[in-house]
Amino acid sequence: MTNKTQVIKDFTKKSVLVSRVFAASVADVWRAYTEAELLNQWWGPAPWHAETKTMNFAVGGYWLYAMVSPEGQKHWGRMNYMAIQHHKHFEMEDYFCDESGELDELLPVSSGQMVFTEMVDGTKVEFKMIYPTEADLQKIVEMGFEQGITICLDQLEELIQNHKIK
Amino acid sequence: MEIRRDVFQAIADPTRRAILSLIAIHAMTPNALAEHFDTSRQAVSKHIKILTECQLVQQQISGREIYYHFNPNKMKEVADFIEPFRRMWETKFNQLDYVLSTIKKNKK
């Protein structure tokens, strides 16, 4: 597999760009990004998983979901859809909130762009997140850092467990 | 206000990034470095001071000259920092690969 996840962090533009190519048609990838049942299956990075409370993929609509930890702890997130061009791109506002979708003012709000491009070998998706300040961007990367660390530790745990069994 | 000095602050400035890419090729004296910039020598040395405080630049005295060296180990901190973030997305995308393969299968 050469489909490597690329992350480009631009300090001057206060943005992070995450891009990846998927071996599937634009139509299928688009569905995976816009339908609740499909998003639930992948949006939460294991060991977390995503649970949709409400989803209305339309301009002015939003996706309200929880990131659920293995212990059942929930972090709520909301994505407001600002602009949609079918099978091409959509624009959103992304923030942390409570169960009812009320903004958590302590955490940064980002504006984002999800761009879908048809490639010879599949579909490229570019997700650009722009933050109001550099500190906000830093905070988000740090949070991803924590999740990433947990993933690493989880894999390590699994490895240790497997060795014990043998 | 407390002044923050870390690698991220260091590379947030375009001039400092330019300085780093210059000295990453080979060590340079303050004069040689200043020639690459339109700004005053003073401005360049202020940037150097910040880069030194962040340990991205090391100074070495050779005879009568000072040479600025790039410290790749410190720069690695930036790469290491972004790595878990990338890994988090990689995990999500691997899950998405699986979801996409099931969409395909269900169509058949």
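Reply: Happy to. Helices here are DSSP runs of H or I with at least four residues, and strands are runs of E with at least two, numbered from the N terminus. By that rule chain A comes to three helices and eight strands. Please keep in mind that this is a predicted model.

Me: What order do the elements of chain A run in, and what about chain B?

Reply: From the N terminus, chain A reads β-β-α-α-β-β-β-β-β-β-α. Chain B has five helices and two strands, in the pattern α-α-α-α-β-β-α.

Me: How much of each chain counts as buried?

Reply: A residue is called buried when 20 or more other C-beta atoms lie within 10 Å of its own. In chain A, 25% of the 166 residues count as buried; in chain B it is 24% of 108.

Me: Why are H2(B) and H4(B) called roughly perpendicular?

Reply: Helix H2 (residues 14–25) and helix H4 (residues 41–53) of chain B pack at an angle of about 75°, with their axes 10 Å apart. Angles from 65 to 115 degrees count as roughly perpendicular, so H2(B) is roughly perpendicular to H4(B).

Me: Which residues meet where H2(B) and H4(B) touch?

Reply: From H2(B) come Thr15(B), Arg16(B) and Ile19(B), and they meet His47(B), Ile48(B), Ile50(B) and Leu51(B) of H4(B). Sorted by class, this contact has four nonpolar, two polar and one charged residues.

Me: How do you know that the span of H2(B) is close to what is expected?

Reply: H2(B) has twelve residues, and its first and last C-alpha atoms are 17 Å apart.

Me: What puts the buried residues on the same side of H2(B)?

Reply: The buried residues of H2(B) are Arg16(B), Ile19(B) and Ile23(B). They cover an arc of only 55° around the axis, so they sit on the same side of the helix. Turned away from that side are the exposed residues Pro14(B), Ser21(B) and Ile25(B). The buried residues pack against helix H1 (7–10), helix H3 (30–34), H4, strand S1 (57–62) and strand S2 (65–70) of chain B.

Me: Why is His87(A) called partly exposed?

Reply: His87(A) has 15 other C-beta atoms within 10 Å. Buried needs 20 or more and exposed needs 12 or fewer, so His87(A), with its 15, is partly exposed. You will find His87(A) in the loop between strand S5 (74–85) and strand S6 (89–97) of chain A. Leaving aside residues up to four places away in sequence, His87(A) touches Val26(A), Ala27(A), Trp30(A) and Phe116(A).

Me: What makes the backbone of His87(A) worth a look?

Reply: Most residues other than glycine have a negative phi, and most peptide bonds are trans. His87(A) has a positive phi, near 65°. Phi of Gln55(B) is also positive, near 65°. In chain A, the peptide bond from Ala46(A) to Pro47(A) is cis, with omega near 10°. Pro47(A) is in the loop between H2 and strand S3 (49–55) of chain A.

Me: Why does Gln55(B) count as partly exposed, and where does Gln55(B) lie?

Reply: Gln55(B) has 16 C-beta neighbours inside 10 Å, so it counts as partly exposed. Gln55(B) lies in the loop between H4 and S1 of chain B.

Me: How many residues does each chain bring to the contact between them, and which element of chain A gives the largest share?

Reply: Chain A brings 29 residues and chain B brings 23. Among the elements of chain A, strand S1 (6–10), strand S2 (15–22), helix H1 (26–34), helix H2 (36–42) and helix H3 (134–165) each supply at least two residues. The largest share, ten residues, comes from H3(A). By class, the side of chain A that touches chain B has 17 nonpolar, seven polar and five charged residues.

Key. Residues numbered from 1 in each chain as written. Chains lettered and ligands numbered in written order. Predicted model: local features only at pLDDT ≥ 70, side-chain atom pairs only at ≥ 80, totals over all residues. Axes fitted to C-alpha atoms, helices over the stretch in contact; angles between N-to-C directions. Parallel < 35°, antiparallel > 145°, perpendicular 65-115°, else oblique. Contact = placed C-beta atoms within 7 Å. Nonpolar A, V, L, I, M, F, W, Y, C, P; charged D, E, K, R; others polar. Expected span 1.5 Å × (residues − 1). Arc of directions from axis to C-beta.
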